Structure formats: structure tokens, C-alpha cells
Amino acid sequence: METPRVGIPDHLAVRMTMAEQHEYLRTKLTRRGMLRAGAAAAGTVAGVGVLGGASAYAEPGPTLVDAPATARVDGSLVAPFGRHLAFGADPRTQMRISWQVPFAVKSPFVRVGLEPWDLGLRVEAEVRALHTPALSDKLPAVDQVYLHAALDGLLPGTTYYYGVGHAGHDPADPRHYATVGTFRTAPDRAERFVFTAFGDQGVSYDALANDQLILGQDPAFHLHAGDICYADNSGAGKPTDVYDARVWDQFLAQTESVAARVPWMVTTGNHDMEAWYSPNGYGGQRARWTLPDNGFDARHAPGVYSFTYGNVGVVALDANDVSYEIAANTGYTGGRQTAWLDRRLRELRAQRGIDFLVVFFHHCAFSTTKAHASDGGVRDAWLPLFEKHQVDLVVNGHNHVYERTDAIRGRRVGRKVPIGGSVDSTRDGIVYVTAGGAGKALYDFPVPDSYEGHVKDLDGVASYHWEKGRVKKPETVEWSRVRYTGFSFLAVEAEPGRHPRLRVTALAESGARVDHFSVTRSGAGKE
């Protein structure tokens with residue numbers, strides 16, 4: 001089987017950055033395509049760029065609205081699928097609606113209204129067409145069409161109905177009433193709400209089971225801490241990685257039952273770096289998702305942003321930038337992400353009405369599995385900022401298990417937090433949760449599980465963390481309080497008021513509770 005690595009010596013391939021891989025793939029596959037097509041064919045496509053031009057969505061540019069397929073397929077026969085929502089920078093007034101069509105369509109749009117039978121507002125959609133070449137002899141070239149509509153100026157705390165369509169397929173037509181979805185904007189004032197979170201989902205029966213259980217929590221939004229669909233099943237960040245773009249179709253269809261009504265807020269993991277699409281491997285993500293653009297660089301780092309909902313500020317980070325374990329994108333922001341994080345946490349902590357700060361990203365600051373354990377790059381870059389600005393909860397994926405720490409301050413246990421316990425984050429430290437049991441094959445721990453109804457507390461766990469140069473540094477840790485080898489997710493209930501609280505619960509795929517604890521803040525909620 002031919003792979004993009006052909007012609008690269010092993011000792012060079014393992015050190016290639018994502019940007020170097022991108023340049024190599026573009027050069028190699030473009031040359032291969034020209035040779036196969038011949039000089040005449042190559043000249044024919046040169047006007048739109050070899051391998052698709054505008055349809056190879058790598059950097060912002062012209063969009064493909066009326067493709068040749070439009071002339072062959074009646075719009076009434078094209079059914080939208082894979083709807084997924086995301087907040088804009090202000091969840092009270094902004095919502096982003098994204099979906100997919102199997103063929104290019106004419107005049108795509110969203111209809112929105114306050115009643116399902118009155119979708120009077122029509123908003124034109126942006127088209128982002130994505131071309132993926134045959135990255136190996138066992139994969140076909142794939143063309144995908146993603147559509148996005150930005151809704152601004154919405155009313156806070158309001159339920160809206162919406163339908164997606166195009167010429168020949170109008171969601172306001174009674175024949176399509178069953179496809180009308182709903183969403184609710186964030187309230188103007190803090191009120192009780194629930195959000196859910198996990199990482200490392202992929203496409204599987206277990207992933208689907210988790211989705212349905214999440215929907216039953218009636219969350220205001222969901223956080224997906226990277227490794228979204230596993231189109232790249234390797235995740236090594238090497239030129240030998242190939243990715244099957246069709247897996248994204250499967251994932252978005254699987255997730256639609258939840259994401260079509262619950263904003264699905266994602267960030268990037270190591271399996272989400274796909275070198276073909278852009279210098280940093282995130283062009284595919286920008287084609288498929290519309291996320292808040294208030295990070296330090298939405299064009300090159302779409303998984304870095306923040307938003308507030310009620311009394312909670314949420315920050316999404318790209319840990320590929322600081323990882324010591326998987327170095328393909330390590331340092332790609334030149335420190336700009338970490339500087340932005342410092343500023344943004346300071347701003348959120350000073351913002352009136354924000355009691356809690358929640359940060360989510362992929363690679364674990366604290367975990368003890370045999371597979372990935374802890375990433376020292378995350379610890380070195382970001383832990384001082386989390387403590388400086390008194391972050392209350394950190395959610396990670398990467399390790400395909402559930403693991404929860406005690407409250408940690410200065411990389412040591414500030415306070416033990418047993419199952420059912422409570423932690424004051426201003427006094428005791430930060431709780432770190434690995435919620436990587438969303439659906440992919442599970443990892444294991446070096447010691448027995450310990451969870452609700454099955455507690456096996458240990459004084460220490462022999463583990464390791466990654467140091468610079470991909471060195472595994474052994475360590476014996478005291479902070480591993482809860483360990484569960486099973487599919488699971490987090491449900492977090494935020495309570496405002498004079499004594500605000502985060503009630504954090506981990507639920508297994510069966511619905512059984514495997515952990516719960518509370519986070520409070522001294523002085524929070526008081527004017």
C-alpha cells in the first residue's frame with residue numbers, strides 16, 4: 001500500500017512537524033495527480049487549482065456554490081444531514097448552525113422562527129466544500145459539502161425552531177416539518193443549568209449509547225475534549241498517518257440526534273490533526289465546524305476560544321501546541337496561545353457574575369493509564385496559569401477511561417476529595433477530570449479501578465509523565481482518587497446564588513453513577 005511517507009527516511013519522518021507534512025503532501029500528491037492526468041488534463045484544471053482548488057478547503061477562500069453535480073441532481077432529492085449547533089462568542093444572542101449535503105446544492109439557507117409552523121426568518125448559508133485526495137491506495141478521493149449559517153441578534157433565554165434547506169428543499173414545506181429542530185439561547189441572568197462533557201468518541205455503538213444518555217440530561221451545551229471522530233485512526237502525528245474523510249460523515253450522522261439541539265463545542269486532539277488540509281492540520285475542522293472566533297487566531301487554531309453561560313466561563317484550548325508526547329504541532333503558536341490564555345482567564349475572573357472557570361482540552365495534565373498517562377508539556381505551560389487565575393475545573397480526554405484527581409495545588413494534593421466530597425477551589429486547589437470514555441476502545445490502569453460502590457483507595461500509584469524529547473519520567477502519585485475503566489461522560493450542574501456550586505457527576509454508559517463531587521468558591525456569589 002502506498003502512503004504519503006514514500007521517499008522520506010525514517011529518521012526524518014518521525015521529526016516532521018504538521019506544517020512540514022502539509023507541504024510534503026501538497027507537493028507529492030499534486031505532482032502525482034498531474035502525472036496521472038497528463039499534461040493536457042493538468043492544464044485543464046490549472047485554472048481552479050490541481051486537486052480541486054476551491055473545493056480543497058485549506059485556507060479561507062472562494063466557496064463552491066453551484067458544482068456540476070447540481071445540474072444532475074434535483075434539489076428536492078437531496079436530504080440534509082449531520083446537523084450540529086455551536087454557540088457564537090455570546091451564547092445569549094448567537095448560534096451557529098452547520099450541516100452537510102451529499103451533493104452541492106443551490107441557494108442553501110436556514111429558516112428560523114419562534115414557532116415550528118412559523119419559520120419566517122431566512123438566513124443564507126455559507127458553503128465550505130472539502131476535497132480529500134486518495135491518501136493511500138486503499139482509500140478513495142472524497143468530496144464533501146458542509147453548510148454553515150450564523151444567527152446573530154437572537155433573544156436571550158429563548159427557544160427557537162429552525163430548519164435547514166436549499167433550492168428544492170424548503171423546511172417550511174409541510175412535507176419537511178419532521179426535520180425542524182430547536183435550540184435555546186443562554187439566559188440573560190444566571191440560572192441553574194447542566195452541561196455535559198467527554199473526549200475520544202469516534203463512531204461505535206458505545207458512542208451512540210453515550211449520546212442518548214447525554215440527551216436525557218437536557219444539557220445547555222456539550223464539551224467534546226478532542227479526538228472527535230477518528231478519521232485518522234493512528235493519531236501519531238506522523239507522515240504515515242492517513243485519514244478516511246468518510247468517517248466524518250458517519251460521526252456527524254451519529255451525533256445529530258444530540259448536536260442538532262445541543263451546542264456541541266469541540267476542541268482538537270492528536271487524532272484531529274489532518275495534515276492535508278492546512279499547515280496545522282485543522283483545515284478540515286474549519287470546514288466542518290463553526291466555533292467562536294474570539295481566540296487568539298481562529299483561522300489557524302479553531303479549537304481555541306471561550307464563552308460564558310450563566311455564572312460559568314468556559315475556555316477551550318489546543319493541547320497539541322504544548323504536548324511533549326506527540327510533537328507534530330508542539331510550539332506551532334509560538335507561545336501566543338499561552339499568552340492569550342493568561343489574558344482570557346484574567347478577564348473572565350474579573351467579569352461580574354462569573355463564579356466558576358472551566359477549562360477543557362485534550363492531553364491530560366494528570367492521569368495514570370498505561371497508554372498516555374500525564375503530559376508534562378501541559379503541566380509546564382498551563383498549570384501555573386490555572387492556579388494563578390483560580391480555575392475551578394479542568395476536563396481532559398486522551399486517556400480512554402474516567403479518572404478524577406483530588407484537589408491539586410502546586411502539583412501536589414491540596415485536599416483529598418473522596419466520592420461525594422466537596423472542594424473549595426480557592427483554598428484547596430483544582431480538580432482535574434479525565435473523561436475519555438466516550439466510545440473508543442478503552443485503556444487500562446496499572447492498579448485496580450476505584451469508583452462509587454467499588455472504592456479501593458491507594459496511598460500511591462506508580463505512573464509516569466512525558467518530558468521533553470518524548471521521555472517517560474516515572475512518578476508515584478497520590479492524587480488518583482477515582483478510576484473507572486468503562487464508557488462514561490460528565491454531567492455538571494451549575495447552581496448560582498449566594499452560595500454557588502458546581503455539582504459534578506460521572507455516569508457510566510448504563511446510567512449508573514460512578515463518581516460525584518462538588519466545587520465551591522469562598523466568597524463567590526456575594527456582592
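Modeller: Two strands pair if DSSP finds at least two bridges between them. The model we are looking at is predicted. In it, an open sheet of seven strands has the order β12-β13-β14-β16-β21-β17-β24, with mixed pairing.

Colleague: What makes β12 and β24 edge strands?

Modeller: β12 (305–309) and β24 (480–484) each pair on one side only. From one strand to the next, the twist averages 15 degrees.

Colleague: How do you know that β16 and β21 pair?

Modeller: Count the bridges. Four of them join β16 (residues 393–396) to β21 (residues 431–435). Pairing needs at least two, so β16 and β21 pair. The two strands run parallel.

Colleague: Which residue of β21 is the bridge partner of V394?

Modeller: Y432 is the partner of V394.

Colleague: How many helices and strands does the protein have?

Modeller: The protein has eight helices and 27 strands. Of its 527 residues, 57% count as buried.

Colleague: Let us turn to another sheet. What is the strand order of the open sheet of four strands?

Modeller: The order is β1-β2-β6-β5, and the pairing is antiparallel. At the edges are β1 (81–87) and β5 (126–132), each pairing on one side only. Neighbouring strands of this sheet are turned by 20 degrees against each other on average, direction ignored.

Colleague: What makes β5 and β6 a pair?

Modeller: Seven bridges join β5 to β6 (residues 142–151). At least two are required, so β5 and β6 pair. Their direction is antiparallel, and T132 stands opposite V142 in β6.

Colleague: Why is Q144 called buried?

Modeller: Q144 is found in strand β6. Its relative accessible area is 2%. Buried means under 20%, so Q144 is buried.

Colleague: How do you know that the side chains of Q144 and D249 make a polar contact?

Modeller: The distance is 2.9 Å. The limit for a pair of N or O atoms is 3.5 Å, so this pair falls within it. A polar atom of the Q144 side chain also lies 2.9 Å from the backbone oxygen of A245. Leaving aside neighbours within four places in sequence, the residues in contact with Q144 include Q100, R128, W248 and R288.

Colleague: Which strands does α5 lie across?

Modeller: α5 lies across β1, β2 (95–101) and β6. Its angle to β1 is about 65 degrees.

Colleague: Now α4. Which of its residues are buried?

Modeller: In α4 (residues 205–215), A207, N210, D211 and I214 are buried.

Colleague: How do you know that the buried residues of α4 line one face of the helix?

Modeller: Look down the axis of α4. Its buried residues fall within an arc of 105 degrees, so they line one face. An α-helix has 3.6 residues a turn, so residues three or four places apart point the same way.

Colleague: What do the buried residues of α4 pack against?

Modeller: They pack against β9 (193–198), β10 (221–224), α5 (246–259), β11 (264–266) and β25 (488–495).

Colleague: What makes S204 a cap for α4?

Modeller: S204 caps the N-terminal end of α4. A side-chain oxygen of S204 lies 3.4 Å from the backbone nitrogen of D206.

Colleague: One last residue. Why is T185 called buried?

Modeller: T185 lies in the loop between β8 (181–184) and β9. Its relative accessible area is 0%, under the 20% cut-off, so T185 is buried.

Colleague: What does the side chain of T185 reach at 2.6 Å?

Modeller: It reaches the backbone oxygen of L155. A polar atom of the T185 side chain also lies 3.0 Å from the backbone nitrogen of G157. Beyond its neighbours within four places in sequence, T185 is in contact with residues including P91, R92, Y160 and Y309.

Terms used: Residues numbered from 1 in each chain as written. Predicted model: local features only at pLDDT ≥ 70, side-chain atom pairs only at ≥ 80, totals over all residues. Heavy atoms only, no water. Axes fitted to C-alpha atoms, helices over the stretch in contact; angles between N-to-C directions. Buried < 20%, exposed > 50% of the residue type's maximum accessible area, 1.4 Å probe, protein only. Arc of directions from axis to C-beta. Contact = heavy atoms within 4.5 Å. Polar contact = N/O pair within 3.5 Å; in protein donor to acceptor, adjacent residues only side chain to side chain.
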